[in-house]
Amino acid sequence: MWQSWLNMSTPAGILDHVGTREVVQDYDLIRGALGYKRINFLGASTGSYRAAQYAATFPSRVDKFVLDAVVPHGMSMPDQVKYDLIAVNRGLDRADAYCQNNATCYWHHAGRGSVQKAYQDLVARAANDTLAACGTSDTANCTTFVPKWVLQATISGLLQGQPDFPNVLEVLAVAHQGDASIFLTSSTLTIDQVWGLPILCNDYPIVDKTLKGFQKVAKAGREVDRYDIDQSSWLGIQLIGSVWPYAVPPNPPLELNSTMLLVTADFDISQPTEKTTFVWEHQTPYAALVVRHGEDHVSFNNPTQASTRITKEFLRSGVLPLKEDSTFVTVYEPGQCRRPIADPYCVPTGFQAGDVDSL
């Protein structure tokens, strides 16, 4: 794949200069062309990585910066993968919590933990080549079966982004009753995923590119993988980055001494809340932290949530919010200590928590 990209890229060698360090130089050229002395920046997900890099490179040009669902600088690949697996397991807990709060769920009357148990049963069947996928619950004559890794990847994918718990639970219920064919509908990489790979590979140096290095990173995830989901986007980056043909500069922690607002969600599966907390505690001494108690990746996309109101107020005024502790949001002032992540069963589910419901 890389060789074809190298062959088709012009000017020659451009792929060695498309990391975030180069991107923020472009941002600053745009700032200068527009005549702004300082800029505001709402960096969401990977955009938060660029916002932080810009603030570290051009601190005098920072005005009101918000980092939402933070992709951290300076975090090791084993820790990235470990937190990914912790988060996706937490996502399955949240699916179970949703089920316990919704009478239409197949396992509603089976009690807490029934969704996780059903998933683990499917994993065991897939591992034994008995998870039938023939479009019918009559499995006697079925010769098509779902591989374990396909089941794991599908469930992990369904819990990412803005998870649709009713759909997740419906998929699990149909498979549990004998027809797992839905897991065999695969999707290709999207264009945004493809163009993002060179940037990620130029941003994250892979310390050990050997098979043992990959296995070490994978082991860090499996040690915290309670439900055997075994999927992490950062494990994929470890694998892909191991064959990146260019030297990658170090990725140290940043010193961000500007006033900022950091935003996270307890049950963000795509960008675990531990990663935002890591940056808040170690790299941004003058930042406030907004913790939304709910799921979904990137809080600003939820217009009805208190976290979005707080973000907008900061972008308008530049004044950090005061500390707050309510059902759907907790705000920490600079220097405070964050409490443990909320119990997945003690946070409301449904529309009021920002949950998607397509069924």
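This is a predicted model: local features need pLDDT of at least 70, side-chain atom pairs count only at pLDDT 80 or more; totals for chains, interfaces and linings use all residues.
Residues are numbered from 1 along each chain as its sequence is written, and side-chain values use heavy atoms, with hydrogens and water left out.

Reader: Which residue is the bridge partner of Phe41 in E2?
Author: E1 and E2 run parallel and are joined by 5 bridges. Within E2, the partner of Phe41 is Phe65.

Reader: Which residue stands opposite Val263 in E4?
Author: Strand E2 (residues 62–68) pairs with E3 in the parallel sense over 4 bridges, and Leu67 stands opposite Leu262 of E3. E3 also pairs with strand E4 (residues 287–295), in the parallel sense and over 7 bridges. There, the residue opposite Val263 is Val290.

Reader: What is the handedness of the β-α-β crossover from E3 to E4?
Author: E3 and E4 pair in the parallel sense. The chain leaves E3, passes through helix H11 (residues 273–282) and reaches E4. A crossover counts as right-handed if, with the strands pointing away from the viewer, the path from the first strand over the helix to the second runs clockwise. By that criterion, this crossover is right-handed.

Reader: How many residues of strand E3 are buried?
Author: Buried means under 20% relative accessible area, exposed over 50%, and partly exposed in between (1.4 Å probe, protein chains only). Strand E3 spans residues 260–267 and is mostly covered. The number buried is 8 of 8.

Reader: Against which elements do the buried residues of H11 pack?
Author: H11 is mostly covered, with 7 of its 10 residues buried. Those buried are Thr273, Glu274, Lys275, Thr276, Thr277, Val279 and Trp280. They pack against H4, H10, E3, E4 and strand E6 (329–332).

Reader: What is the orientation of H4 relative to H10?
Author: The axes of helix H4 (residues 77–100) and helix H10 (residues 233–241) come within 7 Å and cross at roughly 150 degrees. Axes are lines fitted to C-alpha atoms, for helices over the stretch in contact, and angles run from 0 to 180 degrees between N-to-C directions. Angles under 35 degrees count as roughly parallel, over 145 as roughly antiparallel, 65 to 115 as roughly perpendicular and the rest as oblique. H4 is therefore, relative to H10, roughly antiparallel.

Reader: Which residues of H6 meet H5?
Author: The axes of helix H5 (residues 114–127) and helix H6 (residues 148–159) come within 8 Å and cross at roughly 150 degrees, so H5 is roughly antiparallel to H6. Contact means heavy atoms within 4.5 Å. From H5 come Tyr119, Leu122, Val123, Ala126 and Ala127, and the residues they meet in H6 are Lys148, Leu151, Gln152 and Ile155.

Reader: With which residues is Ala51 in contact, leaving aside its neighbours within four places in sequence?
Author: Ala51 lies in helix H3 (residues 46–57). Ala51 is buried, with a relative accessible area of 0%. Beyond the neighbours set aside, the contacts of Ala51 are Phe41, Gly43, Phe65 and Leu67.

Reader: Is Asp129 buried or exposed?
Author: Asp129 lies in the loop between H5 and H6. Its phi is near 60 degrees, a positive value in a residue other than glycine. Most residues other than glycine have a negative phi. At 53% relative accessibility, Asp129 counts as exposed.

Reader: Is Asp296 buried or exposed?
Author: Asp296 lies in the loop between E4 and helix H12 (306–317). Phi of Asp296 is positive, near 85 degrees, in a residue other than glycine. With a relative accessibility of 2%, Asp296 counts as buried.

Conventions. Helices (H or I, at least four residues) and strands (E, at least two) are DSSP runs, numbered from the N terminus. Two strands pair if DSSP finds at least two bridges between them.
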